Amino acid sequence: MSTYLKISLIIVCMAAAVGWRSYHMSTTFVAYQPLGLDARRTTHVIYSPIADFRKCLLLVLDNYHIKYKIDDWDWINIPLKVDRDTALVRELTQKADDIAWVYDHTKHPNASFLCKGAGYVAVVFQDSINVTCEDVQIAEQILQGANTKHQLSKFYRQYFGYLNEKGERCVDIDLYSKTDCDYFRFLKGRLIMEDGGNGFLHAGINLTRKHFEEIIPSSKG
């Protein structure tokens, strides 16, 4: 057999092996294992998801156009090829967890809620006073009217209401750069920023007196 034929046969065998492996990985299904990152955010770990995770995962898989099967134990199985992609599985897990959190969140009294308007997206967290979307609209008009330096439309907002020492209604506003902020983390509670830099701003508005108090670059830790 000539050297050329030998090389050709080797190439054909290699291609067949790769093709079989690809077919095997796309047709073999394994149980879905939720993946997240450890405390250092460096290692993938299996963890127990929150309630309603399963039905939310089905929504996410459908949205990603990933085929799945339900086994005899009623658990979700995904293609082996997808299972081997740990970054993708972690992403799917995070998406499903976020949706499940939103579902659960709406069941609680005094849950935070979203307010949207011209140039802003804000989440209001009920604290010592009730803050409405109408309050947010007033605060945004004051905030955007007073600001001459920062492009506020590029920031998400978190609103926290309180009464000052005079009993006046006020709000603390934390602003986070949309490019640096995970949207669902932003919904879940006050973010802790070790070094906010230009990606984090803090503002204060007195709603009773309709007074702008400050907007400053800040960091929280």
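Predicted model: local features only at pLDDT ≥ 70, side-chain atom pairs only at ≥ 80, totals over all residues.

Now colour the two strands: β10 (residues 200-206) and β11 (residues 211-217) run antiparallel, joined by six bridges. To see one of the bridges, click glycine 204, whose partner in β11 is glutamate 214.

Next, zoom out to the whole chain. Of the 221 residues, 36% are buried. The accessible surface comes to about 13,500 Å², with 54% of that belonging to carbon and sulfur atoms.

Now show the cysteine sulfurs. The structure holds one disulfide, and cysteine 115 and cysteine 133 form it, with S to S at 2.0 Å. The pair links distant parts of the chain: cysteine 115 sits in strand β6 (residues 113-117) and cysteine 133 in helix α5 (residues 133-146), 18 residues apart. Turn the view onto the S-S bond: its torsion is about -85 degrees, so this disulfide is left-handed. Cysteine 115, at 2% relative accessibility, counts as buried, while cysteine 133, at 30%, counts as partly exposed.

While you're on cysteines, select cysteine 170, which is buried at 1% relative accessible area, then cysteine 56, buried at 0%.

Cysteine 56 takes you to the last stop, helix α2 (residues 53-63), where the buried residues include Phe53, Leu57, Leu58, Val60 and Leu61. Step past α2 and you reach histidine 65, with a positive phi near 60 degrees.

Definitions and conventions. Residues numbered from 1 in each chain as written. Heavy atoms only, no water. Pairing = 2+ DSSP bridges. Helix = DSSP H or I, 4+ residues; strand = E, 2+ residues; numbered from the N terminus. Buried < 20%, exposed > 50% of the residue type's maximum accessible area, 1.4 Å probe, protein only. Areas by Shrake-Rupley, 256 points an atom, 1.4 Å probe, with all protein chains shown as cover. Disulfide = S-S within 2.5 Å.
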